[in-house]
Amino acid sequence: MEQVKKVVLAYSGGLDTSVIIPWLKENYGGCEVIAVCADIGQGDELNVVHDKALKSGASKVYIEHLTQDFLENYVWSTLKAGAVYEGKYLLGTSFARPLIAKRLVEIAKEENADAIAHGATGKGNDQVRFELTVKALAPNIKIIAPWREWTLRSREDEIVYANKHDIPVATENKTYSMDRNIWHLSHEGSDLEDPWNAPKNSMFLISKAPEDAPDKPEYISIDFKKGIPVAVNGETLDAVALLNKLNKIGAKNGIGITDIVENRLVGMKSRGVYENPGGALLYYAHRELEYLCLDRQTFHYKETVAIRYGELVYDGMWFSQLREALAAFVDSTQETVTGTVQLKLYKGNIISAGAKSPYSLYSHDFVTFEADDVYDQADATGFINLFGLPLKVRAMMQEKTGK
């Protein structure tokens, strides 16, 4: 393989990326490998990553604390758009990858690295998300994807390779392939590969199964300012504290468990189960507020934008011109999405329990079934006549021609 002097590796501390370090050095002329691990709220997984990377052969390790950046600049933007992939998936992995890849590019430039490497497989979406971000931000840097190059084909092969190179790896075989950050936890593989198999309650690591949630409903309120969540139950919180609080509340009530057979970008269908307690609450509450604050045309058009926005995020096109243009449109719609939403939570269900906004377009004076002085019902006659004129003209033609 071609000579590479220095590689920046997206490092998680798992078996794949631990093995990649010596593999890169062995196959790319003894190159220096710098490991970069992004902390986006995945919890205790990072405790041993630094030393593990060094023992695996990395020359330097970056532990990047990016949780606040993740929420404020990626998650909130997608939330404001109302973007959901295929009606269910709240994009927890999708918008994490461009953030990580962006930091990889920045570090690669600081370190004068020749290449960036990642541990995503050739079957998944993440390879696309990592590499499109690198191409958008550093078009001339080399990208190395070991899973598309090496001869290792299984976890067993990787363990043999790790033992041969004295790489410290955990040898226990996890039941599911998981990805975790502050926004979500995903589960794939094992018995979930058969869509007929219902998820086992023992699989859930964040949320309670709905039937195990409390028998008494819980009420919460969420405040938004220009589409961004700012407070829970009247308490103003920063992005990280706010989502942590909603995750705790949602998980206790069995909220946010999603089971989906989704269409991967690379062409195959895959089945995943996601735990998204705080995210589910935020998406529901944000939409409730938009019902109050957006006019009919804007609301309906934004629904179309949300679908395309979700596809762009899922496909790794975060730094595309279209995604940025749609984000500008979304931001303009959010100028009046300010107010408070109240929710009732009960055994996995989110139930609307009230919403208010100083910018509400709802008018009791116009909509009331009681007597009013602001709406002349006789005006509807002319409106219906004009609105239905094309239907009437067509019907007259059909009567005349018999077609």
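Mentor: Let us start with a term: a polar contact is a pair of N or O atoms within 3.5 Å, where, within protein, one atom must be able to donate a hydrogen and the other to accept it. Please keep in mind throughout that this is a predicted model.

Trainee: Is K302 buried or exposed?
Mentor: The cut-off for the buried class is under 20% relative accessible area, while exposed residues are over 50%. K302 has a relative accessible area of 4%, and so it counts as buried.

Trainee: How is the chain divided into domains, and which residues make up domain 3?
Mentor: Domain 1 runs over 6–165, whereas domain 2 is made of two segments, 177–294 and 336–356. The remaining domain in this division, domain 3, consists of residues 372–401.

Trainee: Which residues does L282 contact, leaving aside its neighbours within four places in sequence?
Mentor: Once sequence neighbours within four places are left aside, its contacts are W76, L79, W183, I222, F224, P229, L242, L243 and L246.

Trainee: What area do domain 1 and domain 2 bury between them?
Mentor: The C-alpha centres of these two domains lie 26 Å apart, and 32 residues of domain 1 are in contact with 34 residues of domain 2. Carbon and sulfur atoms carry 65% of the area that the two domains bury between them, which comes to about 2,700 Å².

Trainee: In domain 1, which residues lose the most area to domain 2?
Mentor: Three residues stand at the head of that side, and together they account for 24% of what it buries. They are W76, L79 and L90.

Trainee: How many residues does α3 give to the side of domain 1 that touches domain 2?
Mentor: Across this interface there are 13 residue pairs in polar contact, and the count of salt bridges between the two domains is one. The elements that give two or more residues to the domain 1 side are α3 (67–81), α4 (96–110) and α5 (126–137). The largest share comes from α3, with 10 residues.

Trainee: What is the distance between the closest N and O atoms in the salt bridge of D179?
Mentor: The partner of D179 in this salt bridge is R97. Their closest N and O atoms are separated by 2.9 Å.

Trainee: At what distance does the side chain of E111 make a polar contact with the side chain of Y62?
Mentor: E111 lies in the loop between α4 and β4, and its relative accessible area of 10% means that it is buried. Beyond four places in sequence, E111 touches K6, I34, K60 and Y62. A polar contact of 2.7 Å joins its side chain to that of K60, and the polar contact with the side chain of Y62 is at 2.4 Å.

Conventions. Residues are numbered from 1 along each chain as its sequence is written. This is a predicted model: local features need pLDDT of at least 70, side-chain atom pairs count only at pLDDT 80 or more; totals for chains, interfaces and linings use all residues. Side-chain values use heavy atoms; hydrogens and water are left out. Contact means heavy atoms within 4.5 Å. Domain bounds come from an automatic or database domain assignment. Buried area is the accessible area (1.4 Å probe) that two parts lose on being put together, summed over both. A salt bridge is a side-chain nitrogen of Lys or Arg within 4 Å of a carboxyl oxygen of Asp or Glu. Helices (H or I, at least four residues) and strands (E, at least two) are DSSP runs, numbered from the N terminus. Buried means under 20% relative accessible area, exposed over 50%, partly exposed in between (1.4 Å probe, protein chains only).
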